[in-house]
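Take a first look at the model shown here. The paragraphs below it lead you through a few of its features.

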Amino acid sequence: MTQPPHDEPTASSPEELHEQVEQTRTELGETVEALAAKTDVKARAQDKAAAVKEQAAAKAGELKEQTALKTGELKAKAADLAHQAQDRLPDPVKDKAAQAAGQARAKAAHAGQLWEEKAPEPVRQKTAQGAQLARDNRKVLLAAGVALGVWLACRRRKG
């Protein structure tokens, strides 16, 4: 027979002995379950994959937020630079640009009237779509026009 461990008292009654046996069985069952879980490679791999997937999703969310912040900062900086460039233009250049814009609008209106009179219907529809796209992107076109004006003014000063 085996001897009881030194740190546990021996049972003094059959009921105590029965309780100790049940406790030992419970502990042994938990130990077996823990060992079985450690040897279940498939379940451990699935747990690890789920954890990695969670980490990747969190990192993607962080990167998305950082990208949105940087995009906002860059848009603000571009708008500020455009305002600075416009502020630095000399008044004669601004006046010439305004005059040229007025002339361009007048010529465009005249050309539009001629177009309406002579262009076939499918072509007019496509042109109307293009004009709407230009109106929708007016800020981009204006910024490009300002940049072109600054470039031309600088070029004239150097030459």
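This is a predicted model: local features need pLDDT of at least 70, side-chain atom pairs count only at pLDDT 80 or more; totals for chains, interfaces and linings use all residues.

Residues are numbered from 1 along each chain as its sequence is written, and side-chain values use heavy atoms, with hydrogens and water left out.

Start with the largest pocket. Its volume is about 1400 Å³. A pocket here is an open set of points on a 1 Å grid over the protein atoms alone, where a 1.4 Å probe fits, with protein on both sides within 12 Å along at least five of seven lines. Grid points are joined across faces, edges and corners, and the volume is the space filled by probe spheres set on the points. Lining residues have an atom within 4 Å of a point. There are 39 of them, and the closest to the centre of the pocket are Ala101, Leu141, Leu142, Gly145 and Val146.

Which helices build this lining? Helices H2 (41-88), H3 (91-118), H4 (121-136) and H5 (138-158) each supply at least two residues. Helices are DSSP runs (H or I, at least four residues), numbered from the N terminus. H3 gives the largest share, 15 residues. By type, the lining divides into 24 nonpolar, 6 polar and 9 charged residues. Ala, Val, Leu, Ile, Met, Phe, Trp, Tyr, Cys and Pro count as nonpolar; Asp, Glu, Lys and Arg count as charged; the others, Gly among them, are polar.

Leu148, Trp151 and Leu152 make a nonpolar patch of about 310 Å². Such a patch joins nonpolar side chains (Val, Leu, Ile, Met, Phe, Trp, Tyr) within 5 Å, from residues with over 30% relative accessible area and no salt bridge. The areas come from the Shrake-Rupley method with a 1.4 Å probe, and for residues only the protein chains shown count as cover. Leu148 is found in helix H5. This leucine is partly exposed, at 46% relative accessibility. Buried means under 20% relative accessible area, exposed over 50%, and partly exposed in between (1.4 Å probe, protein chains only).

Charged pairs come next. Side chains of opposite charge can pair when their charged atoms come close. The structure holds 2 salt bridges, each a side-chain nitrogen of Lys or Arg within 4 Å of a carboxyl oxygen of Asp or Glu. In one, Glu22 meets Arg25 at 3.1 Å, N to O. Both lie in helix H1 (residues 14-39), 3 residues apart, about one turn of the helix. Glu22 is partly exposed at 34%, while Arg25 is exposed at 54%.

The other salt bridge joins Glu73 and Lys70 at 3.9 Å, N to O. Because these two are 3 residues apart in helix H2, about one helical turn separates them. Glu73 is partly exposed at 48%. Lys70 is exposed at 52%.

Finally, consider two distances. Glu54 is found in helix H2 and is exposed, with a relative accessible area of 62%. Glu54 and Asp87 are 33 residues apart in sequence and 50 Å apart in space, C-alpha to C-alpha. Gln20 is found in helix H1 and is partly exposed at 28%. Gln20 and Thr10 are 10 residues apart along the chain, and their C-alpha atoms are separated by 9.4 Å.

Notes
Patches are made of residues with over 30% relative accessible area and no salt bridge: like charges are joined within 9 Å, nonpolar side chains (Val, Leu, Ile, Met, Phe, Trp, Tyr) within 5 Å.
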